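Hi,

Here is the structure I promised to pass on.

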Amino acid sequence: MTPQRITLITLGVDDLERSKAFYAQLGWSPHSEVPGQVVFYQINGMAFGFFGRAALAKEQNRPTATLGTGAITLAQNMPSMADVDAAFAKAIAAGATPLADPTEMAWGGYSSYYADPDGHVWECAYNPFWPLNDDGSLTLPSDAD
């Protein structure tokens, strides 16, 4: 088994039901959940979850830790600039906080940033150098490409 993989990303949230409602407005459907504790989504060969912040800190054996946000960016690459615009607008309409409006980037792509209701930062990007697979997943091109 390769060590270079991620099978689950879990974000700590303040209000699980609020998070579920926000992501439902973006078109996400839960796969499984323990009501009031944790919810999981199946995403292209991996899982993504939301867990109450205090409960997550306790499970990590850090019950007094204050879990923060914003130190990482979660990204969704899109097949076009128009798709970036649409995804950004949908997130803002669902209650996200706009951080950076969609714009052409110096590296040759097109990108935007928003924060979900718990402050987790998302990027919506179009990268003309990284074509997406038919299922929306990304396989980085080789150096020879």
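Let's start with one side chain: is Trp-122 buried or exposed? Trp-122 is buried, with a relative accessible area of 4%. Buried here means under 20% relative accessible area, exposed over 50%, and partly exposed in between, using a 1.4 Å probe and protein chains only.

A word on where this comes from: it is a predicted model, so local features need pLDDT of at least 70 and side-chain atom pairs count only at pLDDT 80 or more, while totals for chains, interfaces and linings use all residues. Residues are numbered from 1 along each chain as its sequence is written, and side-chain values use heavy atoms, with hydrogens and water left out.

**The sheet around β8**

(Strands are DSSP runs of E with at least two residues, helices are runs of H or I with at least four, and both are numbered from the N terminus.) β8 belongs to an open sheet of 4 strands in the order β5-β8-β7-β6, with mixed pairing. Two strands count as paired if DSSP finds at least two bridges between them. The edges are β5 and β6 (97-104), each pairing on one side only. From one strand to the next, the twist averages 15°; axes are lines fitted to C-alpha atoms (for helices, over the stretch in contact), and angles run from 0 to 180 degrees between N-to-C directions.

On one side, β8 runs parallel to β5 (residues 73-77), joined by 5 bridges. Leu-74 stands opposite Trp-122 there, and Asn-77 stands opposite Ala-125. With β7 (residues 110-115), β8 runs antiparallel, and 6 bridges join the two. Ala-115 faces Val-121 in that pairing. The β7-β8 hairpin has 5 residues between the strands, and Gly-119 in this hairpin takes a positive phi near 90°.

Helix α3 (residues 81-93) lies across β6, β7 and β8, running at about 10° to β7. Contact means heavy atoms within 4.5 Å.

**The aromatics**

Trp-122 also belongs to one aromatic cluster with Phe-22, Tyr-23, Trp-28, Tyr-41, Phe-48 and Phe-50. Rings of Phe, Tyr and Trp (its six-membered ring) pair if their centres lie within 6.5 Å; planes under 30 degrees apart are stacked, over 60 edge-to-face, and the rest tilted. By this rule there are 10 aromatic pairs.

Trp-28 and Phe-48 make an edge-to-face pair, 5.4 Å centre to centre with 70° between the planes. Trp-28 sits in the loop between α1 (16-25) and β2 (32-34) and Phe-48 in strand β4 (residues 46-52), 20 residues apart. Trp-28 is buried at 16% relative accessible area, and Phe-48 is buried at 3%. Phe-48 also forms a tilted pair with Trp-122, at 5.9 Å and 50°. That pair links strand β4 to strand β8, 74 residues apart.

**The largest pocket**

How much space lies in the largest pocket? About 890 Å³. A pocket is an open set of points on a 1 Å grid over the protein atoms alone, where a 1.4 Å probe fits, with protein on both sides within 12 Å along at least five of seven lines; lining residues have an atom within 4 Å of a point. Of the 25 lining residues, Ile-43, Asn-44, Met-46, Ala-75 and Gly-136 are closest to the centre. β3 (38-43), β4 and β5 each supply at least two residues of the lining, and β5 gives the largest share, 5 residues.

Cheers

Technical notes:
Points joined across faces, edges and corners; volume = space filled by probe spheres on them.
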